[in-house]
Protein chains: 2
Amino acid sequence: MISDAESRVMEVLWQTYPLTADEVVAILDGHVEWQEATIRTLLNRLLKKKAIAADRDGRRYVYRPLLERADYVHAESKTLLDRLFKGRIAPMVVQFSSRQKLSKKDIAELKRLIEDLGNE
Amino acid sequence: MISDAESRVMEVLWQTYPLTADEVVAILDGHVEWQEATIRTLLNRLLKKKAIAADRDGRRYVYRPLLERADYVHAESKTLLDRLFKGRIAPMVVQFSSRQKLSKKDIAELKRLIEDLGNE
DNA sequence: TTGCACCTATTACGAACGTAAAAGGTTTCT
DNA sequence: AGAAACCTTTTACGTTCGTAATAGGTGCAA
């Protein structure tokens with residue numbers, strides 16, 4: 001429901017909000033190669049999709065997210081897992097680690113998680 | 001590069017190949033609600049994208065995958081991880097488990113993986 | 001050999017996307 | 001008041017996607 005380009009804008013608002021359109025543009029500048037007009041279009045599409053809200057602030061609007069990042073992230077993750085790994089996370093991790101060496105940090109984090117899950 | 005609908009067709013061919021268009025249609029029947037024509041369109045788009053190949057077999061074609069599932073799966077996973085988790089898998093697992101209880105099977109599998117990775 | 005059956009290839013069409021320019025409405029400066 | 005500046009809202013346009021229908025070619029039965 002939220003497109004790739006739109007999610008770039010969401011990321012900005014998840015980081016800080018409220019922001020004016022100009023501020024969003026400023027933050028994205030250098031990271032993406034979009035014209036200001038493009039970013040305004042994306043803000044409007046997100047508005048129409050109720051992913052963000054706009055509050056009037058004097059003569060301009062300030063935008064803030066309505067959709068929460070955690071919900072979005074979970075939905076996207078679940079879609080991918082369902083589509084490619086029958087909904088299970090372990091096979092994804094296994095597959096991933098067979099292609100790309102996990103960092104020490106990753107291993108440590110996973111280890112800790114497993115331990116926590118184990119003795120609860 | 002490969003769309004959602006197209007990947008449904010790829011899954012069929014990854015499972016068994018070569019297959020005629022009719023066979024693909026037969027296998028998908030009941031799983032998706034597409035007309036035969038739709039599936040043929042998808043096969044042609046996949047051909048154009050070089051994701052599959054068609055070999056003439058008498059008066060018809062048999063299709064087989066060119067793109068390997070493991071490559072596709074890895075690419076898709078990586079894209080998602082990069083976009084949402086800065087490329088790291090552990091945060092994804094942590095996030096996921098905070099939203100959705102991991103099955104015993106998942107936990108066991110992860111545990112085994114971690115152990116294998118640990119002492120190598 | 002001619003029409004039919006059976007395939008494949010071409011064309012269609014609306015919605016969503018990426019990307020952006022143009023038009024409109026308010027302040028504000030002069 | 002009129003023009004300029006600054007925002008927002010509309011409109012645009014080429015692609016890709018989902019979903020199909022139709023046209024085109026070829027071997028086989030009559």
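**Sheet, chain contact and DNA surface in a predicted model**

Strands S2(B) and S3(B) pair in the antiparallel sense over six bridges, where strands pair if DSSP finds at least two bridges between them. The model is predicted, so that local features need pLDDT of at least 70 and side-chain atom pairs count only at pLDDT 80 or more, while totals for chains, interfaces and linings use all residues. Residues are numbered from 1 along each chain as its sequence is written, and chains are lettered from A and ligands numbered from 1 in the order in which they are written. Helices (H or I, at least four residues) and strands (E, at least two) are DSSP runs, numbered from the N terminus.

The three strands form an open antiparallel sheet in the order S1-S3-S2 of chain B. Its edge strands are S1 (19–20) and S2 (52–57) of chain B, each of which pairs on one side only. Helix H1(B) packs on the sheet and touches S1, S2 and S3 of chain B, its direction making about 90 degrees with that of S3(B); the angle, on a scale from 0 to 180 degrees, is taken between N-to-C directions of axes fitted to C-alpha atoms, for helices over the stretch in contact.

Between the two chains, 26 residues of chain A are in contact with 26 residues of chain B, contact requiring C-beta atoms, placed from the backbone, within 7 Å. On the side of chain A that touches chain B, at least two residues each are supplied by helices H4 (69–85), H5 (89–99) and H6 (104–118) of chain A. This side comprises 15 nonpolar, five polar and six charged residues.

The largest share, four residues, comes from H3(B).

Note on methods
Ala, Val, Leu, Ile, Met, Phe, Trp, Tyr, Cys and Pro count as nonpolar, Asp, Glu, Lys and Arg as charged, and the others, Gly among them, as polar.
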